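Trainee: I am new to this one and would like a close look at a single part. Please take the salt bridges and go through them slowly.

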Amino acid sequence: MTLKGGTSQACAACKYQRKRCTPECALAPHFRPEHTEIFKNAHKLFGVRKILRILEKIDPSQKTEAMRSIIYQANMRDRFPVHGCLGEIYHLQYQIRQAEKELYAVLSHLHFYKQQSPQQEITIDSSPESQLGMGLQQSAANGLTLFQHQQQFLPVAPFFDQSYNNNNHSGIHFDSMSNTGNDGMWLQQTYCNQNDGKTLVALQSQLLNTQPWTIQEEVTHDYDEIYPFFDTIDDTQSYIDSKDANESSSESSLKETTQSVQHVAGNKLKRAELQLGIVSEDYQATV
Amino acid sequence: MASSSHPSAPCAACKFLRRKCIQGCVFSPYFPPEDPTKFANVHKIFGASNVSKLLNEIAPHQREDAVNSLAYEAEARLKDPVYGCVGAISVLQRQVLRLQKELDATNADLIRFSIQDIDF
């Protein structure tokens, strides 16, 4: 279907709906004619009316970003029909936990070395990479402090890991949240505070009982083009890497993760956090 | 998940949609009447018919997870109409990158330190 009096093609939205695409079409800027598959996913998840309703409530300057997030969300739901974006959030949080554990272990090693040979100075070069580990310029203990500091910045999806939640209900800020309307901590507040942990516990048990999602549920499609959304969001590579990694050890790692999450439910969560606090205090005290 | 102890109590979806909650209602196992907000949010963002179609395409044992993820995404979109849950993904990905860089730097320092230790 062509635009009235013009030679341009109808946008993917109007094509799909088999209607005339006018110059005033609200979806035309976001769905080029070749984006039929992308619109199909967005239509399947949200529907045209809901998309338009979301766009109506947004400042015009942010409509492009909003549409990108809608498209991303719809594509994720198409690839992962059961968990959608939440699966990616789980996976990222798992990666963060693993990285933090490893960082903690390495910092502990450094502390051990420092104790063994206190006369030695740590030689730090001035490259940007080493400056990121800036805590080490002073001591391994300060690096551990940095590690703890970063923990507070974790936005927590409601189901995954309660151990980071307990004292992070207020005063949370992100260092670079300029492109998000708010921080992610309200998600934790919604599901943990309002439901007194019932939803969390119920969902943790569900997580334990569900099959490994990363293996089973991905549905692969070839998209002609996926909008480059945020520069940092990489929805292809992360899935390729994660899928490969998870295929090799997903069931055991998922069970380990879910068992560890379940294990620290309820009162044990507070004990785990206290232990972490005590360990860190002791660590600092010995330096 | 039973929707209610009362056998004829409509689920939150049917209550919201003001229709009779029939025996095989696709929503009733996942939208108990005690939590009307959950369905209200999901309906507001995705629409009941879209959710129904999605659930029908998913195996029954996975529907609860699907509904919970939809509820999460719906609430995220209501709180942040521009980015929804994708904002959290962006933050987490940056966090992962930052941690990875820090881990690389720390490992490099550990190696340097251990080399110095050997030298002594």
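Is B:Glu57 buried or exposed?

Mentor: This is a predicted model, in which local features need pLDDT of at least 70, side-chain atom pairs count only at pLDDT 80 or more, and totals for chains, interfaces and linings use all residues. Residues are numbered from 1 along each chain as its sequence is written, chains are lettered from A and ligands numbered from 1 in the order in which they are written, and side-chain values use heavy atoms, with hydrogens and water left out.

B:Glu57 counts as exposed, at 54% relative accessibility; buried means under 20% relative accessible area, exposed over 50%, and partly exposed in between (1.4 Å probe, protein chains only). B:Glu57 forms a salt bridge with A:Lys44, and their closest N and O atoms are 2.9 Å apart. A:Lys44 lies in helix α2 of chain A and B:Glu57 in the loop between α3 (48-56) and α4 (63-79) of chain B, so the pair joins two chains. Helices here are DSSP runs (H or I, at least four residues), numbered from the N terminus. A:Lys44 is partly exposed, at 36%.

A salt bridge is a side-chain nitrogen of Lys or Arg within 4 Å of a carboxyl oxygen of Asp or Glu. Six are found over all chains. Among them is A:Glu37 with A:Lys40, at 3.9 Å from N to O. Both residues lie in helix α2 (residues 36-45) of chain A, three residues apart, about one turn of the helix. A:Glu37 is partly exposed at 26%, and A:Lys40 is partly exposed at 40%.

Another of the six pairs A:Glu34 with A:Arg32, at 3.0 Å from N to O.
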